[in-house]
Amino acid sequence: HPPVPKVALVGCDTPRRHRSWAVMAALAVLAMALSACSSNAERTAVCDRSLGLEYEFSAINQTLDDIALASPQQLANTFAVTLATLTTLFDLGPSSLRSDFDLLLDVYTSLATSLEATDWNGEVAVSDPIVIQARAGLISNDVVEARDAVRSYAFNNCSAELGGDIGQFQGTATTLPNPAVPDEN
């Protein structure tokens with residue numbers, strides 16, 4: 001038998017190379033599609049919860065301002081809701097905000113733990129040094145920047161504006177007729 005020319009071997013190998021490149025290209029397209037779906041799901045997670053998170057941050061601030069008057073149930077519930085939202089956003093939110101959600105979750109968990117140590121008693125918590133130290137963490141530069149990063153992401157990626165006309169009905173204003181007033185007979 002005569003030796004097989006190298007050209008013939010290269011020719012036989014070429015369809016395999018084309019198939020492997022085609023498979024790699026298909027995998028790359030699939031990875032990009034999954035990444036797009038993933039980023040869409042991450043964006044949706046933040047958009048669906050960002051307005052609620054703003055309300056929760058506001059509720060915590062208001063509760064802490066009047067902590068001596070807050071009931072144990074009010075304190076515990078306010079933190080439970082906020083921590084659940086932050087945990088969900090840490091798990092489902094975009095990786096670009098993961099460190100921000102982690103920081104926020106740590107700070108609010110620390111504060112909740114210090115309040116829980118007082119049995120959620122606002123009158124005790126108002127002068128408790130551990131609670132006071134944990135509250136100070138809420139106004140640190142890192143925490144303010146983390147909240148701003150979440151707000152900025154929501155502003156740039158979600159259709160709802162934070163701090164806008166929340167609770168306003170959409171549509172055209174109309175005037176309803178006066179109610180029928182029965183006779184006094």
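1. Start with R147, which is buried (under 20% relative accessible area, with a 1.4 Å probe and protein chains only; exposed is over 50%, partly exposed is in between) and yet has no salt bridge. A salt bridge here needs a side-chain nitrogen of Lys or Arg within 4 Å of a carboxyl oxygen of Asp or Glu. The nearest side chain of opposite charge is D148, 6.3 Å away; Lys and Arg count as positive, Asp and Glu as negative, and His and the chain ends are not counted.

2. A word on what you're looking at: this is a predicted model, where local features need pLDDT of at least 70, side-chain atom pairs count only at pLDDT 80 or more, and totals for chains, interfaces and linings use all residues. Residues are numbered from 1 along each chain as its sequence is written, and side-chain values use heavy atoms, with hydrogens and water left out.

3. So what does the side chain of R147 make a polar contact with? Its partner is the side chain of Y108, at 3.0 Å. The side chain of R147 also reaches the backbone oxygen of L138, at 2.9 Å. A polar contact is a pair of N or O atoms within 3.5 Å; within protein, one must be able to donate a hydrogen and the other to accept it, and residues adjacent in sequence count only if both atoms are side-chain atoms. Setting aside neighbours within four places in sequence, R147 is in contact (heavy atoms within 4.5 Å) with F57, L104, Y108 and L138.

4. R147 sits in helix 6, residues 141-157. Helices (H or I, at least four residues) are DSSP runs, numbered from the N terminus. Helix 6 has 17 residues and spans 24 Å from its first C-alpha to its last, close to the 24 Å expected at 1.5 Å a residue; the expected span is 1.5 Å times one less than the number of residues.

5. V143, A146, R147, V150, Y153 and A154 are buried. They cover an arc of only 120° around the axis, which puts them on the same side of helix 6; the arc is that of the directions from the helix axis to the C-beta atoms. The face turned away from this buried side carries the exposed residues N141, E145, F155 and N156.

6. Now the charged pairs: the whole structure has two salt bridges. In one, E54 pairs with R151, the closest N and O atoms being 2.7 Å apart. This pair links distant parts of the chain, with E54 in helix 1 (residues 6-65) and R151 in helix 6, 97 residues apart. R151 also forms a salt bridge with D148 (3.3 Å, N to O). Shared partners join E54, D148 and R151 into one network. R151 is partly exposed at 28% relative accessible area, and D148 is partly exposed at 40%.

7. Last, check the loop between helix 3 (98-117) and helix 4 (122-125), where D119 lies. Most residues other than glycine have a negative phi. D119, however, has a positive phi near 60°, and W120, in the loop between helix 3 and helix 4, has a positive phi of about 60°. Are these two residues buried or exposed? D119 is exposed at 62% relative accessibility, whereas W120 is buried at 16%.

Conventions:
Helix = DSSP H or I, 4+ residues; strand = E, 2+ residues; numbered from the N terminus.
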